[in-house]
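Below are my notes on the model you asked me to look over. Please read them beside the sequence and the coordinates.

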Amino acid sequence: MHMLNLGILAHVDSGKTSLTERLLHSVGVIDEIGSVDDGNTQTDSLALERQRGITIKSAVVSFAIDDITVNLIDTPGHPDFIAEVERVLSVLDGAVLVVSAVEGVQAQTRVLMRTLQRLRIPTLVFVNKIDRGGAQYDRVLEGISTRLTPAIVPMGQVGEPGTRDARFTPFDDAGLQASLLDPLAEHDDDLLAAYGRVSYDRLRAALVRQTGEALVHPVFFGSAMTGAGIAELISGIKELLPSAEGDADGPVSGTVFKVERGPAGEKIAYARMFSGTLRTRDRLTLRDGAEGKVTAISVFDQGSAAREEAVAAGRIGKLWGLSDIRVGDMIGAPRKSPIEEHYFSPPTLETVVVPCHSADKGALHVALTQLAEQDPLINLRHDEVRKEISVSLYGEVQKEVIQATLADEFGMDVMFRETTPLCIERPVGTGAAVEFNKKDANPFLATVGLRIDPAPVDSGVEFRLEVELGAMPYAFFKAVEDTVKETLGQGIHGWQVTDCTVTMTHSGYSPRQSHAHQGFDKSMSSTGADFRGLTPLVVMSALREAGSQVYEPMHRFRLEAPADTLAAVLPVLAQQRAVSQTTEIRGASCVLEGVVPVAHVHELERQLPGLTRGEGELECAFDHYAPVVRGTVPDRPRTDLNPLDRKEYLLNVTRRVGS
């Protein structure tokens with residue numbers, strides 16, 4: 001039996017989860033179609049998903065189309081949960097991108113399609129809601145062609161759109177032949193040379209091949225509510241999307257794309273196997289040398305997961321027993337794939353989570369740590385001085401999700417401080433500092449010299465040596481390197497320092513010594529703690545000499561609104577520090593593109609409907625970091641021992657060592 005791991009992706013409220021329900025009903029997995037409004041769908045299992053009618057966590061269901069077993073993965077549509085979508089992309093063989101026949105191509109649709117094309121994931125487009133008032137055929141097709149991709153192949157016509165009797169009629173052979181030739185010939189010189197003399201069978205074979213190579217995207221129309229067009233979509237999934245590849249007898253290789261907690265608090269990992277066969281009682285080595293033994297496996301089949309002894313290449317399984325597993329971990333041999341890279345922006349907002357009851361502070365840290373295991377982009381920042389925990393966010397909706405999850409799963413009520421942008425720092429110039437062993441009030445038995453130089457944008461932090469690697473034990477060099485990167489998590493203004501090269505220019509240590517006939521004497525001999533204690537002072541001295549510039553996150557925006565509202569929109573854009581770089585009038589509409597600080601996006605989204613009679617459409621995505629040039633440079637409260645203040649730092653280090 002062939003396998004197909006299929007993702008359903010869409011802008012929020014396009015009917016994605018309803019389509020999943022209709023597909024499961026059409027293939028006989030469920031007897032009754034669930035409703036998003038009623039909160040009884042197969043894939044939205046979280047209480048908050050049912051309450052809000054949106055998908056927050058990806059969910060897997062399975063069904064068969066003849067000899068193909070399809071693992072269908074329903075993904076979130078709201079942009080605040082784009083990280084969940086990113087993880088799912090790493091396990092897909094194909095995708096169905098859902099577009100509303102009423103709203104047409106929307107902001108998130110464009111973000112998703114760009115990513116699917118970049119990753120070359122074979123994709124069908126399904127235009128949903130043809131039965132709704134305002135549904136259109138030609139306008140939506142034109143929008144897909146101009147705003148998503150011109151490489152589309154309409155697979156049929158829509159009759160009576162906007163009514164309960166709306167139907168999708170597939171093209172006959174002659175009609176499909178006329179629809180296929182031009183888009184397929186764009187990618188096939190032989191077809192172009194034989195233009196007008198190509199048989200239908202040859203065109204159909206070219207359609208299957210080019211769809212599988214993500215060169216063209218067949219477009220189907222229908223309604224998840226009435227079932228129109230669903231049979232044709234199912235046929236398209238079967239005939240046009242490629243099956244999963246993988247050798248069940250090869251080396252074990254898989255990817256964990258989701259982690260959840262079971263009823264007893266145990267970790268359950270969702271893994272897609274690309275090669276080999278993973279069996280119960282197999283031992284695995286995870287990142288950082290952590291090990292675990294698989295104690296149980298469930299494999300998805302006919303709508304749910306059933307216990308099996310093994311999960312083979314091409315399939316998705318749920319794994320028990322791996323207590324140290326995290327989202328993104330590789331199982332077995334690592335894969336070299338472009339999908340392993342991040343294609344969506346990192347979180348650019350941050351907020352402090354505050355328990356309503358002070359007695360819950362300790363439990364809150366445990367609970368948030370568990371949530372961070374399931375979502376690696378919920379970065380936790382623990383301020384030991386103020387006893388506060390910060391989490392990173394994509395948007396305001398995530399606050400509600402975290403709040404509801406903590407209440408439902410942990411019985412804990414929390415509040416949030418104001419959301420603030422996550423800035424970064426970059427060195428302005430070159431700075432150097434050195435502290436010598438047993439000199440100049442250096443209390444540590446170590447010599448550390450460092451130079452900080454600016455590096456290209458997006459290069460991160462690179463550590464180099466200008467001293468001989470054999471000059472002292474390797475463990476001491478490793479202690480310096482690890483501490484450098486940890487210290488640069490908070491720069492002069494408290495933000496993460498990036499895009500720099502840190503070079504170790506001086507090193508030295510006190511060799512292991514002891515009194516005659518006595519054991520090791522720590523007071524006379526260097527240890528890793530000496531280098532970990534001294535390095536932050538040297539790093540911050542070098543950074544202070546280099547100087548650092550704070551950069552704030554900027555979104556690129558695209559705003560489409562009625563042209564007659566432009567006079568009202570422009571002043572508000574200026575108030576929110578948005579800079580329009582292009583303005584284009586398209587009939588009765590106006591399209592503006594430019595950049596806006598992330599800190600002002602939420603307010604712009606809030607005001608836009610009133611300014612544009614509800615017709616404005618704003619598309620925003622992280623673009624770059626820009627220097628903060630207006631007003632006061634934002635500072636972030638420190639959570640470390642403050643190596644910027646030598647006296648305070650040494651006092652804190654002494655106190656910590658003493659305790």
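1. Basis. This is a predicted model, in which local features need pLDDT of at least 70 and side-chain atom pairs count only at pLDDT 80 or more, while totals for chains, interfaces and linings use all residues. Residues are numbered from 1 along each chain as its sequence is written, and side-chain values use heavy atoms, with hydrogens and water left out.

2. Whole chain. The chain has 16 helices and 34 strands; these are DSSP runs numbered from the N terminus, with helices (H or I) of at least four residues and strands (E) of at least two. Of the 659 residues, 53% are buried. Here buried means under 20% relative accessible area, exposed over 50%, and partly exposed in between, with a 1.4 Å probe and protein chains only. The chain exposes about 29,200 Å², and carbon and sulfur atoms supply 49% of that area. Accessible areas come from the Shrake-Rupley method with a 1.4 Å probe; for residues, only the protein chains shown count as cover. Among contacts (heavy atoms within 4.5 Å) between residues at least 6 apart in sequence, 72% join residues at least 24 apart.

3. Helix H1. Nine of the 11 residues of H1 are buried, so the helix is largely enclosed by the rest of the structure. The buried ones include Lys16, Glu21 and Arg22, as well as Leu19, Leu23 and Leu24. They pack against strands E1 (2–10), E2, E3, E4 (94–100) and E5 (123–128), and against H9. Just after H1, Gly28 takes a positive phi of about 90°.

4. H1 against H9. Two packed helices are described by the angle between their axes and the distance between the axes. For H1 (residues 16–26) and H9 (residues 230–240), the axes come within 11 Å and cross at roughly 85°. That makes H1 roughly perpendicular to H9, a label used for angles of 65 to 115 degrees; under 35 counts as roughly parallel, over 145 as roughly antiparallel and the rest as oblique. The axes are lines fitted to C-alpha atoms, for helices over the stretch in contact, and angles run from 0 to 180 degrees between N-to-C directions. On the H1 side, Leu19, Arg22, Leu23 and Ser26 meet Ile230, Leu233 and Ile234 of H9.

5. In one of them, Asp66 pairs with Lys238, the closest N and O atoms being 2.5 Å apart. Asp66 lies in the loop between E2 (59–65) and E3 (68–74) and Lys238 in H9, so the pair ties together parts 172 residues apart in sequence. Asp66 is exposed, with a relative accessible area of 58%, whereas Lys238 is partly exposed at 31%.

6. Arg558 and Glu593. These side chains meet in a salt bridge at 3.7 Å, N to O. The pair links strand E31 (residues 548–562), which holds Arg558, to strand E33 (residues 589–597), which holds Glu593, across 35 residues. Arg558 is buried, with a relative accessible area of 7%; Glu593 is partly exposed at 30%.

7. Arg606 and Glu603. This salt bridge has an N to O distance of 2.5 Å. Both residues lie in helix H15 (residues 601–611), three residues apart, about one turn of the helix. Arg606 is exposed at 55% relative accessible area, and Glu603 is partly exposed at 26%. Elsewhere, salt bridges that share partners join Arg110, Arg114, Arg147, Arg558, Glu560, Glu593, Glu617 and Glu619 into one network.

8. Two loop residues. Thr280 is found in the loop between strands E12 (277–279) and E13 (283–285), and is buried, with a relative accessible area of 10%. Not counting residues up to four places away in sequence, Thr280 touches Val294, Thr295, Ala296, Ile297, Glu308 and Glu309. Asp360 lies in the loop between strand E20 (349–355) and helix H10 (361–374). With that same exclusion of residues up to four places away, Asp360 touches Pro355 and Met412.

Key: Salt bridge = Lys/Arg side-chain N within 4 Å of Asp/Glu carboxyl O.
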